[in-house]
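Subject: Structure for you to look at

Hello,

Here is the structure I promised to hand over. Please open it first, and then read on for what turned up in it.

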Amino acid sequence: MKRNIVFGIFFLLGFVCEVYSQTELTLQDIYTDGVYDQNRFGPIRWMRDSKGYSSIEKSNSQEGDDIVRYDALSGKRTLLISAEELIPSGSTKPLSVADYHWSEDNSKLLVFTNTRKVWRFHTRGDYWVLDLTTRKLSQLGKGIPSSTLMFAKFSPDATKVAYVSLNNIFVESLESGEITKITSDGGEFIINGTFDWVYEEELSCRDGFRWSPDGKNIAYWQSDTRNVGTFYLINNIDSIYSKPIPLPYPKVGESLSAVKIGVVSSEGGQTKWFDFPGDPRNNYLARMEFIPNSQEVMVQQLNRSQNKNTVWTGDIETMALSKILIEEDAAFLEIHDDIRWLEDEKFFTWSSERDGWLHLYKVSRDGKTSELVTQGDFDVERMSHIDPASGYVYYIASPENFTQRYLYRSSLYQIGKAERITPMGLSGQNAYQISIDSKFAIHAFQNTTTPPVYSLVSLPNHEKIRVLEENQELENKYSALRLSPKEFFKVDIGDVKLDAWMIKPKDFNPDKKYPLLFYVYGEPAGSTVQDSWMGGDLWHHYMARLGYVVISIDNRGTKTPRGREWRKSIYGQIGILASYDQMNAAKQILKTYDYIDSSRVGIWGWSGGGQMTLNVMFRYPEIYKAGLAVSFVSDQRLYDATYQERYMGLLEDNQKGYRDGSPITYAENLQGELMIIHGTADDNVHYQSFEMLVDKLIQYNKQFSMMSYPMRAHGINERENTSLHLRETMKTFWLRSLPPGGR
């Protein structure tokens, strides 16, 4: 009898331990309480001597941030700037440091604070300078409206700072505090030193001015948005009358901003303008940088079709232009920020897909000679560092596994086999911030089950010196959830094998049949099938716990390092080839896995993935029984010209492709359960796209569900409780339209 009682107690204790060892995953924890947020790390800045690096750390004595320095070898910590030193005169609180930058000689610190979002990123706010010699803290832009400064940068000698405010460029003397307004025509239609919406979104252009190497001049972009079509966002909730919000936004086939590049003295005066050939409203000035130790800028000019990139050098004294390189492609070109100058500026590095893979080349200053630096059947995914002294370029690639990323290096001076630097055991995604002398790197490692781990390593042997941030508490919380692993596999659809991952339900039983939920993106701007943390992908794990098999597939054309042919195959047929691949992959998966219920197949996606969801729902209604599309493009002619024309060609040349690639064309074929969701203040994919599809579905008498989020943008995350409400809405739809669980 006693033995049975003891056994019962141990059984009960075991049951209790089992219950508490597996934590419940809730939407409240994910989207409201931040339970699974990772720790802040950095930003890290390597110091000029390469022997140490600086970082931001929470102060122990104040509610603020310290700027500290760590010696790379010893790990010795030095307090460079205390939070107390970042307390402005007349205040009791230190500045909250959103970002910081050192002057070239590390004698002054520029602090970015009180930031505001401009479209997608926090690029507007206040700037302060701390002089490490005098320990004086000074605010920049006194007399200029608060929180309007953008892209502040030290002059090369650190005696001045230039910045943008309200579409004009200013230069401020750090000694006298005198502010010189070096452009004065900026305003509603003229933008100096920064960019319009489409340049920022599609060409990653935000900071629109450059100091000359001698600090005497500033070269800058100017955009004229007159004649660009204005799209109006409508704010109906913040006052009793609606407020229109004008947004110059060039849609497919419509007029672009007229953009030019000029040079003005940093003391002020008349701007001189370069005269680039061609209509400025039908070309892009996509990149501009000063060539080191010179009075020349290098400018990349893309034609409107974005299949020809002309590289110019421009003399800022004579304003003469010289054409040095033309890169062309039968499909489209992407801009790569991989230019570095070598051998006293006699050569520069250049990325090209001309041999079928994205590789690095060494090109002479006049463009007449070009030598391959990296070699092999793989893509250089991004360049990490060039060290002319050691003669190596370090870059990220993944020749064997397109879902992962590793550090390699190649000689700058002789062609040879790529040398892998990342150890074989670090399976996943690796990124590096390398010191100037290439002896050290801040290494970030992650995969689907490991949140980012930051370490200091020595190069090229990749010996770990110390762990800087391992997000151990987050990893413990994640492990306690005991989630089903994300399993990577390939889907053979005949002419190509596609990368995919799968998450199985909790307590999975292969003898039962489960509903299948596809997650899709499918556009050339990104990829969903990556062996990376992705915040733990907790939404999809949550859905798997409810009883769904979740699968994601990268179709042809997605942004993965699989070579030019893979990426360019989608040209002119966005929404067509990709939905064909997704359909064939779905069929193959249904044939292969007996535990998937073909009568319960759903698909969902956001943005381009929302468009893809609609495309496959309307084109292949026999496969997909339910779909949820968020922030989608329904008609490709409604999206911005720069993105859509890059991948589809010009409307006048491909009207059929635009029509056939747009899901609204096939809306009459809807059969399954459909829910569409959009934010009314979406500046990226306008609410118009949502309303036009609604109108078409009504015309065809199709029943569907819809949810609008007032004054929320593309990410639908602004204002109180939005993220949780959105996910609860999505969950409710899936539970109703695609019942979970094994049968």
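Let me start in a loop: Pro 460 sits between strand S34 (450-458) and strand S35 (463-469). Helices (H or I, at least four residues) and strands (E, at least two) are DSSP runs, numbered from the N terminus. The peptide bond that leads from Leu 459 into Pro 460 is cis, with omega near 5 degrees.

Before going further, a word on the source: this is a predicted model, in which local features need pLDDT of at least 70 and side-chain atom pairs count only at pLDDT 80 or more, while totals for chains, interfaces and linings use all residues. Residues are numbered from 1 along each chain as its sequence is written, and side-chain values use heavy atoms, with hydrogens and water left out.

A cis peptide bond also joins Gly 42 and Pro 43, where omega is about 10 degrees. Pro 43 belongs to the loop between helix H2 (27-31) and strand S1 (45-46). Another backbone point to check is Ala 158, which has a positive phi of about 65 degrees although it is not a glycine. Ala 158 is in the loop that runs between strand S9 (149-154) and strand S10 (160-165).

Now the domains. The assignment for the protein chain, with bounds from an automatic or database domain assignment, gives domain 1 (187-286 + 294-301), domain 2 (329-447 + 450-484) and domain 3 (486-737). The centres of domain 1 and domain 2, taken over C-alpha atoms, are 32 Å apart. Their contact (heavy atoms within 4.5 Å) takes 5 residues from domain 1 and 6 residues from domain 2. About 490 Å² is buried between the two, with carbon and sulfur atoms giving 65% of this area; buried area is the accessible area (1.4 Å probe) that two parts lose on being put together, summed over both.

What links domain 1 and domain 2 by charge? The count between them is 1 salt bridge, the term meaning a side-chain nitrogen of Lys or Arg within 4 Å of a carboxyl oxygen of Asp or Glu. Arg 365 forms a salt bridge with Glu 296, and the closest N and O atoms are 2.4 Å apart. On the side of domain 1 that touches domain 2, strand S21 (residues 296-303) gives the most, with 3 residues.

Over the whole structure, a search finds 39 salt bridges. One of them pairs the side chains of Glu 267 and Lys 160 (2.6 Å, N to O). Glu 267 lies in the loop between strand S18 (258-265) and strand S19 (272-273) and Lys 160 in strand S10, so this pair ties together parts that are 107 residues apart in sequence.

Finally, the record. UniProt, in an unreviewed entry, lists "domain: Dipeptidylpeptidase IV N-terminal" at residues 103-452; positions are in the numbering used here, feature names are shortened, and annotations may be inferred rather than shown by experiment. That span, residues 103-452, is 2% helix and 48% strand, and its end C-alpha atoms lie 29 Å apart. UniProt also places "domain: Peptidase S9 prolyl oligopeptidase catalytic" (unreviewed entry) at residues 541-737. Residues 541-737 are 42% helix and 17% strand, with end C-alpha atoms 19 Å apart.
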